[in-house]
Amino acid sequence: MNLEKVVFGFFIVLAATLNFGFFVGELDNPTHHDIYELFAALVVSLVATVLKFGDRTQIGAVHLSTSLVADLQLFAAAMIWGYAAHVSPAGVTPEMVARIVSMSGGALFANVVSVIILISETIMQRR
Amino acid sequence: MNPLPRHQSIFFLILRRMRAPLILLIVIMAVSVLGLTLAPGVDAEGKVQYLSFFHAFYFISYTATTIGFGEIPYAFSDQQRLWVTICIYLSVIGWAYTLGSVFSLLSDRNLQQAFAIQRFSRAVRRLREPFYLVCGYGETGRLVCDALDRLRHRAVVIELDESKVGEIELQGYAADVPAIDADARNPEILKFAGLTHPHCVGVIALTNDDASNLAVAIAARLLAPKIPVLCRAQGIETATTMAAFGTRHVINPFQEFAEMLALALHAPAAWQLTNWLTGLPGTTVERYRNPPRGAWILCGHGRFGQQMVSAMDAEDVPVTIVDRDLPDDLGHRWVHGEGTNPDALRQAGVMTAAGIIAATRSDIDNLSIAVAARELNPSLFVILHQNQYANRALFEAYDADINVVPSEIIGHECLAILSTPLLVPFLNELRRTDPAWCAGLFERLTSRLGWEVPEVWSTRINLATAPALYRRLMRGEDITLAALLRSPEDRTERLECEVLYLDRDSDDHRMAPDAGTTLRAGDEILLAGKPGSRNSFMLAIANEHALNYVLTGTDLPGGWIWERLSRARKAAPRQVDGERSSTHRVRPRA
């Protein structure tokens, strides 16, 4: 067992689970989607991205790119939320919530890919 | 391995080392923002308000980066201020740690080395003109690089010593000289330095270590078999090994000098001529005193001394050897003792000797031998061996008849080989020709061109270098050297250069061909002339108009329209004279 691998797997899976937690619920119902969960998903996703830095293998490269996609989508979701809550006159409307959640849904897909790579890498190594 | 993976590895190294500080920064920012959204605040009406993520992130961003715009959107409550105090210190720690790791990463020796190799190999890859690869930037390397730069050749340098690489930047060469401090024995480094580059025209191995030079020669032989290699070799075994696998030129400074001395003893004029032709460009050669035949004394029977003894033996000049060590050959007179001791010198017969060679390993000993010997016999011919270039001032002050500086010998030889390939066969031929003829040639050349080291160049008459002359010769015209060697400015003046050697086929070549010799396409000629004459000559053989003027004295019409017009005029010959005189250019007459 390798502590580095534990931390690596932990952050990748945590990013996916937090993202999922934010995503589930009715698409446009603000009460089903907690802003703190989005924040946590974004932070953990960023940490997971940095953890993937510096791997020279092909799989490492794909890992990094999925994480970058997730970051991008979550960041976009956060920006939409910021715009809705502070800039747009109508506030956080159901349409805006739908947009935020669908963005995070895209990020969720990237995170799922990341988890699949993690699993397949583990299976490939057989140790 | 090509440089790309190395470049990527630098990038990955940076990323990997930056992982911890980046994660720390992210965590600190996240904790600060989260804490700030949880800390209760009050608005202007006294209602409890929480900061949104947007405001919290905004506030923490400008606080962490020490910009500090103040408390928004309302003045903070004490709970919020307490948390912000913690955040400020957290963020200071985070930034200090991140910046610290960035700077330690940048000053990392491995990383800097990797960057240096990267920069160097990029500079070499971008070279788009012929260049020489010089291994070793010692005294000899510097001489060769200086001369290459003056001859407008590019050079790439590999040198083991970092401080000497720094010197290159201070030298102020006209062209940029890419240099790296690395071991030339490493074939990877040689590749980065352009050994396999299409524009690499020669490899010059001049390190002071025979094994390194040998390694360079082998690498060049295997990786770039077509590129000529020049190697310095101190030991005879190394020289043999190098020659065995086809190193084009092996330069052994002591052997070189021994051969020159032998030449000086039996054909002084050939020796003087060689000195004059192979001097460093831009210097003036003084007329040396010819070494006399007679009894000689050799002090110091080392590597240089042994070469000198065999050269003297070949010329039947008696030598007395003065050395501390016991003799291992009994064919010569031996005197035990130090050359610095006047008694030993007297015992060796300094009063009746013709010359003395101070050839010990110590420069100070050599100088004191020379001073002591001249004191006893002022008419002695003194040959001094200078080991260290740094002692140059002392040796110049003493003014010996011949000063043997190995680095200079190698430098001169390198230049002769590199700049003018035809010079080496000419000089070899010179050693075999009649001494009286050599003397005549030498007198003629120096009276015409002066004592300054001439510009020496060789050129082949082919389509690439001499298109105009080549076409005329292929048309079957007879062109003599006398007709060709005229100034393209004013054809009544002769160009200030002389043809030394003409190489026609593998077996047909002429030493100093006379002015009536006709040229043929494919000839290769060696010329020596005053600075500037080379450009005039190259212009005349390459440019149709210049060549026509030099040979016939008339100007060719330039451009398509004038050519058509002149053809029309030829058809009507009457008009020609009138038109011609009006278009005649006014030329200054000397």
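Two residues are taken to be in contact if their C-beta atoms, placed from the backbone, lie within 7 Å. On this criterion, in the predicted model, B:L298 touches B:G305, B:M308, B:V309, B:V319, B:I321, B:V322, B:I357 and B:A359, residues up to four places away in sequence being left out of the count. B:L298 is also, together with B:V134 and B:I204, among the residues with the most contacts inside the largest nonpolar core, which has 138 residues. The greatest contribution to this core comes from helix α10 (residues 253-266) of chain B, which supplies 9 residues. Another core, of 43 residues, lies apart from it and includes A:A16, A:V50, B:V33 and B:I60.

Helix α17 (residues 423-432) of chain B has B:L423, B:F426 and B:L430 as buried residues. Because these cover an arc of only 60° around the axis, they are placed on the same side of α17(B). The buried residues of α17(B) pack against elements of chain B that include the helices α11 (268-278), α16 (406-419) and α18 (435-449) as well as the strands β15 (455-460), β16 (497-503) and β18 (524-529), whereas the face turned away from the buried side carries the exposed residues B:N428 and B:R432.

As to confidence, the predictor gives the complex an ipTM of 0.87 and a pTM of 0.67, and chain B averages a pLDDT of 83, with 92% of the residues scoring at least 70. Within chain B, confidence is highest in strand β3 (residues 131-135), at 93, and lowest in helix α24 (residues 573-583), at a mean of 42. Over residues 573-590 of chain B, pLDDT stays under 50, and the model has 10 contacts beyond four places in sequence for them. Where pLDDT is low, the predicted coordinates should not be read in detail.

Note on methods
Residues are numbered from 1 along each chain as its sequence is written. Chains are lettered from A and ligands numbered from 1 in the order in which they are written. This is a predicted model: local features need pLDDT of at least 70, side-chain atom pairs count only at pLDDT 80 or more; totals for chains, interfaces and linings use all residues. A residue is buried if 20 or more other C-beta atoms lie within 10 Å of its own, exposed if 12 or fewer, and partly exposed in between; C-beta atoms are placed from the backbone. Helices (H or I, at least four residues) and strands (E, at least two) are DSSP runs, numbered from the N terminus. The arc is that of the directions from the helix axis to the C-beta atoms. pLDDT is the predictor's confidence in each residue, from 0 to 100. A nonpolar core is a set of buried Ala, Val, Leu, Ile, Met, Phe, Trp, Tyr and Cys residues joined through C-beta atoms within 7 Å.
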